[in-house]
Amino acid sequence: TRGFATGLAPLGGNAFVIAGGDATLRVFDWEKESDLLDEEVFGSEFIINNICCAFRADEDESLWVRNPILYRSATTEDQEDSSSRALALFREVLTRAMQFRDVNKFGELSKAQSRPPS
């Protein structure tokens, strides 16, 4: 990898795979202090910011989760409506906080009264 390593996972023995911020994967032997591949493997078009281990036990399909626990339980319309309401509430809270900041010691709004964010 070039630049900063952003992920590391053991492969077994002294070998590790290193994920780089430059979107490459590198297989490295820690003891020999050398690469195990002739060149870096490009893993993505974007930064790789995390990698996780895979285990031999994962090959056994009887251990796989057949019914995932993460699933969509709301329609797209419900999710968009909920997001819109959350953003409206956030806007109201932010507006009140900005106005509170501008209240002087006499309980009056200062001349630089806050305006709601646009």
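A salt bridge is taken here as a side-chain nitrogen of Lys or Arg within 4 Å of a carboxyl oxygen of Asp or Glu, and the views below are close-ups of a predicted model.

**View 1. Asp29, a buried acidic residue without a salt bridge.** Asp29 belongs to strand E3, which spans residues 24-29. The nearest side chain of opposite charge is that of Lys32, 4.5 Å away, and because a salt bridge requires the two groups to be within 4 Å, Asp29 has none.

**View 2. Polar and other surroundings of Asp29.** A polar atom of the Asp29 side chain lies 2.9 Å from the backbone nitrogen of Lys32. When residues up to four places away in sequence are not counted, Asp29 touches Asn14, Ala15, Ser34 and Leu36.

**View 3. The aromatic pair of Phe16 and Trp30.** The structure holds two aromatic pairs. In the pair of Phe16 and Trp30 the ring centres are 6.0 Å apart and the planes stand at 65°, so the arrangement is edge-to-face. This pair links distant parts of the chain, 14 residues apart, with Phe16 in strand E2 (residues 15-20) and Trp30 in the loop between E3 and strand E4 (34-35). Phe16 is partly exposed, with a relative accessible area of 23%, whereas Trp30 is exposed, with a value of 55%.

**View 4. The aromatic pair of Phe28 and Trp30.** Phe28 and Trp30 also form an edge-to-face pair, at 6.4 Å centre to centre and with 85° between the planes. Phe28 is buried, its relative accessible area being 14%.

Note on methods:
Residues are numbered from 1 along each chain as its sequence is written. This is a predicted model: local features need pLDDT of at least 70, side-chain atom pairs count only at pLDDT 80 or more; totals for chains, interfaces and linings use all residues. Side-chain values use heavy atoms; hydrogens and water are left out. Helices (H or I, at least four residues) and strands (E, at least two) are DSSP runs, numbered from the N terminus. Buried means under 20% relative accessible area, exposed over 50%, partly exposed in between (1.4 Å probe, protein chains only). Lys and Arg count as positive and Asp and Glu as negative; His and the chain ends are not counted. A polar contact is a pair of N or O atoms within 3.5 Å; within protein, one must be able to donate a hydrogen and the other to accept it, and residues adjacent in sequence count only if both atoms are side-chain atoms. Contact means heavy atoms within 4.5 Å. Rings of Phe, Tyr and Trp (its six-membered ring) pair if their centres lie within 6.5 Å; planes under 30 degrees apart count as stacked, over 60 as edge-to-face and the rest as tilted.
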